[in-house]
Amino acid sequence: MSQPAQTVSVVKMYAPREQIYARAANGVYANWRWAGVWLTQLVFYGLPWVPWNGRQAVLFDLAARKFYLFGIVLWPQDLIYLALLLIIAAFALFLFTAVAGRVWCGFSCPQTVYTEIFMWFERKIEGERSARMRLDRQPWSIAKFSRKAAKHAVWGLFALWTGFTFVGYFTPARTLALETAALALGPWQSFWILFYGFATYGNAGWLREQVCRYMCPYARFQSAMFDADTLIVSYDQKRGEPRGALAKTAAKSAAAGDCIDCSMCVQVCPTGIDIRKGLQYDCIGCAACVDACNSVMDKIGAARGLIRFTTENALRANLAPRQIAGRVLRPRVLIYTGILVLVMGAFWGALLIRTPLKMDVIRDRGAMGREVEDGMIENAFRLQIMSTDERAHRYKISVAGIDGISLATQDEVQLQGAESRVVPVTVRIPKDKGKAGSNAVTFGLQAQDDERLQVQEKAVFFVPR
């Protein structure tokens, strides 16, 4: 007896991307967004060319294992400062999100910034939203190919410039520019310029909202930092509904809401959502819909703010702006602010008390201790000296802790600015001094021209039994 055929249901795990043709938005928030674009890009593209003490102001020299941040020189041993910076950035993000939602995403995130730049190029070459839609529907022709090729060429050049600038933070930008002009780039430099250029081209030119929706983890856990008093982009349903076309008579106008269902808020959204359906994780808080809706309200003679930055509690209880501001200093915000202030204070304090001189003492484990001529006991050490001062200094080496202890090798060393050097030293004590086994000693290092530059490190002197 044959078995009945079984039907297999296929669950789609990924929705195909629908092309989004975002309309340009104009208004207060658009101006703020472009101010963020200009500010972040002037910093990013400009810093590699800022000189400082005869070098690049910001340079992460991986080959020399030195990181330059204006007047600060950091070694790999200073990773604690990087950890503090990351903690500061994390809690700043938590604080901004708790107060005003995804303002980082909408105004400063690199994905948003570069998408905005690439969309500007797109509008200048292919035209506004309706023109781009018509162009994509047209069959291929010389005119269409020329526009598309010009757009992608501009995208590619800008992306390569971005990749070049990024690598310029790890290789001196001027050296990199000369090598590029002479077609003498090394294989790794070429790889990373192309890699980051391709990443910029792909993310800002093609993926765009897909990065925010599926690749960025921030969109997924942002709700954990929201509460009913967080400022978010919201549609006022009480005022806007029932929506409909602009009424021609006063009777119809009195019964209808202020939303005329023009869909301008959807057309300007870079992620293609309809904010009138409520808050969605796709919303990046760019407020383009706010600018678009305000411009429509101005044209129909209605009050602004149908779509605006507000809170859930404000919409539910019709709170005034002063009442909304009064709810900002709530426990969540105060905790984030307190932690942020403490970590920033710890970071600043650590920088203030930081000594630009480090020394590690390493025993020669090949010989624990040996007896030499004149009845002396000898130990060998290596001093790993690191100077973060960018001036050259001559240092005096000393050792103390046991009667009669002395250096059998030179007691001075010359270090150039921001230099690291291993100095082998031999230490001796009289045979009748010190106890058998381990004896605590202290090595000192003192700059001869600056009494503030000094450091001491403990070590162990071994006396054979």
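User: Which residue in β15 does I397 stand opposite?
Analyst: This is a predicted model. In it, I397 stands opposite L445 of β15. The strands there are β11, residues 393-400, and β15, and they pair in the antiparallel sense over six bridges.

User: What is the strand order in that sheet?
Analyst: The order is β13-β11-β15-β16, an open sheet of four strands with antiparallel pairing. On average, neighbouring strands are turned by 30 degrees against each other, direction ignored.

User: How many bridges are there between β15 and β16?
Analyst: Ten bridges, again antiparallel, with β15 covering residues 437-447. G437 stands opposite V463 in β16, and F443 has E457 of β16 as its bridge partner.

User: What joins β15 to β16?
Analyst: A hairpin, running through six residues.

User: Switching to pockets. What volume does the largest one have?
Analyst: About 890 Å³. Its lining has 30 residues, and W104, S108, C109, P110 and Q111 lie nearest the centre.

User: Which helices supply at least two residues each of that lining?
Analyst: α1 (28-46), α2 (79-100), α3 (103-107), α4 (110-126), α6 (142-167), α8 (187-207) and α9 (209-215).

User: And how does the lining split by class?
Analyst: It has 21 nonpolar residues, eight polar and one charged.

Definitions and conventions. Residues numbered from 1 in each chain as written. Predicted model: local features only at pLDDT ≥ 70, side-chain atom pairs only at ≥ 80, totals over all residues. Heavy atoms only, no water. Pairing = 2+ DSSP bridges. Axes fitted to C-alpha atoms, helices over the stretch in contact; angles between N-to-C directions. 1 Å grid on protein atoms, 1.4 Å probe; cavity = no way out; pocket = protein on both sides within 12 Å on 5 of 7 lines; lining within 4 Å. Points joined across faces, edges and corners; volume = space filled by probe spheres on them. Nonpolar A, V, L, I, M, F, W, Y, C, P; charged D, E, K, R; others polar.
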